[in-house]
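Reader: I have a model open and want to learn how to read it. Where do we begin?

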Amino acid sequence: MKLTILGFWGGYPTKNSGTSSYLLETENYHLLIDVGSASLIALEDHLDPLQLDAVILSHYHYDHIADLGVLQFTRQLKRMKNNLERAPMFPIYGHQGDNENFKRLTMDTVSEGIAYDEGQKLYIGPFEIQFMRTLHPVECYAMRIVEIKTGKILVYTADSGYLPDFVTFSKEADVLLADTNFFNGMENHRVHMSAAEVGRIAKEADVKKVILTHLPQVGDLELLKAQVINETPKTEIILAEKDLVIEI
Ligand SMILES: [Zn+2]
Ligand SMILES: [Zn+2]
């Protein structure tokens with residue numbers, strides 16, 4: 001499978017790049033994970049938004065859903081133009097813990113909100129997805145996504161403070177896409193993880209590659225990366241950047 005970074009900043013967009021959004025593709029399937037600010041424009045450089053098969057959302061903070069409404073409008077308006085009115089409803093997966101936001105996933109004739117559950121595996125196209133509730137001020141879920149055909153594993157921490165359960169959840173992942181919003185010195189925070197905490201998870205879970213994302217706008221990102229490497233010197237560590245493509 002192929003992972004493309006569309007947006008990677010935490011909280012708000014800056015320097016011509018947006019917030020959390022990741023395109024995960026196999027040959028025949030295109031899944032968008034979170035739809036942060038500026039992600040729709042970034043998506044267009046890789047895929048016609050009409051070709052997306054589904055969206056999955058970790059939680060409903062603005063930096064993860066900012067472009068969802070305009071994605072729904074894109075599909076509504078382009079469908080009319082392309083005479084696709086009878087095309088199937090576009091599935092948008094999210095949790096139902098926040099009913100007001102969950103309801104917005106459904107738009108008449110355009111999209112249908114589909115709830116996922118932490119206790120149940122979800123099968124979307126070529127993927128099997130497991131969920132883990134994270135440590136965050138609002139209900140949020142990490143995802144362990146397995147490409148069924150190849151057994152390759154992507155783990156996305158979504159937004160979270162450090163939880164020991166991430167070690168089991170990320171076990172032997174090919175890629176760990178990790179919330180690394182903080183430099184060292186901010187350990188045991190209830191919203192995001194520090195570089196050292198991400199490094200520790202990567203080492204203990206024996207993951208092959210880590211992509212640092214949900215990055216801070218202030219500070220030296222090379223230092224952030226060095227702080228992760230310090231905990232797990234043998235693991236490949238990559239800073240997320242717009243349009244970065246990783247083969248998994
Ligand atoms: Zn966020
Ligand atoms: Zn958040």
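**Metal sites**

Author: The zinc ion (ligand 1) is held by Asp63 (OD), His64 (NE2), Asp159 (OD) and His214 (NE2), at 2.1 to 2.2 Å. Donors are N, O and S atoms within 2.8 Å of the metal (3.2 Å for Na, K and Ca); water is not among the atoms, so sites may look incomplete. This is a predicted model: local features need pLDDT of at least 70, side-chain atom pairs need 80 or more, and totals for chains, interfaces and linings use all residues. Side-chain values use heavy atoms, without hydrogens and water, residues are numbered from 1 along each chain as its sequence is written, and chains are lettered from A and ligands numbered from 1 in the order written.

Reader: What arrangement do the four donor atoms around the zinc ion (ligand 1) make?

Author: Four donors are tetrahedral if all angles lie between 85 and 135 degrees; four are square planar and six octahedral if opposite donors are over 155 degrees apart and all others between 65 and 115; anything else is irregular. Here the angles run from 88 to 164 degrees, which makes the arrangement irregular.

Reader: Which residues are the protein donors of the zinc ion (ligand 2)?

Author: They are His59 (NE2), His61 (ND1), His136 (NE2) and Asp159 (OD), at 2.1 to 2.4 Å. That site is irregular too, with angles of 91 to 165 degrees.

Reader: How far apart are the zinc ion (ligand 2) and the zinc ion (ligand 1), and which residue coordinates both?

Author: The two ions lie 3.4 Å apart, and Asp159 coordinates both.
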